[in-house]
Amino acid sequence: MNLLFAWADFLDTIRQFFKSRGYLEVSTPILQPYPNVDPNVEPLELQLNLRGEKKKFWLHTSPEHSMKKMLADYPINMFQIVKVFRDGEYGRLHRPEFTMLEWYRIGTDYMGLIEEIGELLKLFGFDSYKVLELEKAFEEYLGVVLSEEEEVLKNNLVSYGYQFDDREDWESLFYRLYLELEKHLGFGEPTFLINFPSRLAIYGVVRDGYAERFELYIKGLEIANGWTEEKNPQKIKERMEHWIKGKDVPIDTELLKALEKIPNFSGCSVGLERLFMAVYNIESLDQLPWVLKIKNAEGKI
């Protein structure tokens with residue numbers, strides 16, 4: 001199989017899927033005057049000399065901020081396929097540069113996006129999928145009852161025989177367990193995890209104590225991340241302030257102003273190299289000829 005031709009056909013299939021459903025393909029700047037703010041992602045910072053003055057910019061970790069600003073002026077369903085950049089990521093499933101599909105749909109919630117992704121996956125041979133609540137996944141695969149209360153979670157872990165440092169906070173314990181959970185997901189059929197704890201809402205709406213958010217797994221790979229978008233700028237500002245605490249980075253005030261102008265909407269991002277790997281049973285990003293490869297001192301990848 002020629003992977004370059006397969007990749008080209010793969011991208012064409014995705015583009016035609018969204019265009020056939022009335023989405024507009026858009027482009028937004030890769031360089032940003034504000035960084036993407038996400039508790040789990042580190043942006044790459046650049047210094048540019050512009051008209052004799054040094055200016056600080058960031059390479060986008062996703063086109064999210066720029067597309068939402070565009071949505072404020074042009075409230076239509078839109079998608080983008082673009083290179084994104086993240087610091088500190090390199091390995092079998094990670095690169096500092098990769099290809100992302102991002103789209104926004106007006107007038108739907110996260111469950112509407114799940115249905116839409118299900119239709120997209122059919123084009124790549126995945127005829128069915130399942131939706132699994134996060135708490136049930138923890139119980140089924142890890143034997144742990146998940147709680148948003150740190151002391152309750154720690155007590156549960158002790159009773160189930162898990163070892164941990166008592167100085168670890170809720171987030172570190174959760175993600176340590178979550179990394180183990182990921183290994184069990186998406187075998188047999190793609191699996192959407194839903195009902196995330198409210199503190200993990202990122203930019204999503206919180207309703208009835210849960211974030212209206214999903215993550216998609218196929219064959220143990222995290223493929224997609226989406227949610228019903230929170231439009232309240234004050235709530236988003238408070239979350240951003242919490243994430244950047246202790247860091248010298250600005251908050252994107254342009255984004256906060258834009259949110260109020262957008263009709264109710266949902267958004268999703270997909271790591272396209274990972275989806276391609278799942279479709280073609282590829283084990284490592286090193287097998288993809290267009291992907292960045294960094295050699296060590298011995299000249300090995």
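Visitor: Let's start with α1 and α3: is their crossing left-handed or right-handed?
Guide: This is a predicted model, where local features need pLDDT of at least 70, side-chain atom pairs count only at pLDDT 80 or more, and totals for chains, interfaces and linings use all residues. Residues are numbered from 1 along each chain as its sequence is written, and side-chain values use heavy atoms, leaving out hydrogens and water. Left-handed would need the near helix turned anticlockwise from the far one by less than a right angle, and right-handed needs clockwise. For α1 and α3, the crossing is right-handed.

Visitor: Which residues of α3 make that contact with α1?
Guide: On the α1 side you'll find Ile14, Phe17 and Phe18 (contact means heavy atoms within 4.5 Å). By class, this contact of α1 with α3 has four nonpolar, no polar and two charged residues. Here Ala, Val, Leu, Ile, Met, Phe, Trp, Tyr, Cys and Pro count as nonpolar, Asp, Glu, Lys and Arg as charged, and the others, Gly among them, as polar. The α3 side of the contact is Glu116, Glu119 and Leu120.

Visitor: What term describes how α1 and α3 lie relative to each other?
Guide: Helix α1 covers residues 3-20 and helix α3 covers residues 110-122, and they pack at about 135° with their axes 10 Å apart. Axes are lines fitted to C-alpha atoms, for helices over the stretch in contact, with angles from 0 to 180 degrees between N-to-C directions. Under 35 degrees is roughly parallel, over 145 roughly antiparallel, 65 to 115 roughly perpendicular, and the rest oblique. So the term for α1 and α3 is oblique.

Visitor: And α5 with α6: which residues of α6 meet α5?
Guide: Helix α5 (residues 150-159) and helix α6 (residues 170-182) pack at about 40°, again with axes 10 Å apart, and are therefore oblique to each other. Their crossing is left-handed. From α5 come Glu150, Leu153, Lys154 and Leu157, and from α6 come Trp170, Leu173 and Leu177.

Visitor: How many nonpolar residues does the contact of α5 with α6 have?
Guide: Two of the residues where α5 meets α6 are charged, and no polar ones turn up. The nonpolar count is five.

Visitor: Is Asn156 buried or exposed?
Guide: Asn156 sits in helix α5. Leaving aside neighbours within four places in sequence, Asn156 is in contact with Val145 and Ser147. The cut-offs are under 20% relative accessible area for buried, over 50% for exposed and partly exposed in between (1.4 Å probe, protein chains only). Asn156 has 16% relative accessibility, so it counts as buried.

Visitor: How many residues of β10 are buried?
Guide: Strand β10 runs antiparallel to β8, joined by six bridges, with Phe192 partnered by Leu216 of β10. β10 also pairs antiparallel with β11 (residues 221-228) over six bridges, where Glu215 stands opposite Asn225. β10 is mostly covered, its buried residues being eight of nine.

Visitor: Which residue in the hairpin of β10 and β11 has a positive phi?
Guide: This hairpin has two residues between its strands. The phi of about 55° in the turn belongs to Lys219.

Visitor: Is Asp208 buried or exposed?
Guide: Asp208 lies in the loop between β9 and β10, and those strands are joined by two antiparallel bridges, with Val206 opposite Ala211 of β10. In this hairpin, which has two residues between the strands, Asp208 takes a positive phi near 55°. Its relative accessibility is 74%, so Asp208 counts as exposed.

Visitor: What is the relative accessibility of Ile202?
Guide: Ile202 is in the loop between β8 (191-197) and β9 (206-207). Its phi is near 55°, a positive value in a residue other than glycine. Ile202 counts as buried because its relative accessibility is 6%.

Conventions. Helices (H or I, at least four residues) and strands (E, at least two) are DSSP runs, numbered from the N terminus. Two strands pair if DSSP finds at least two bridges between them.
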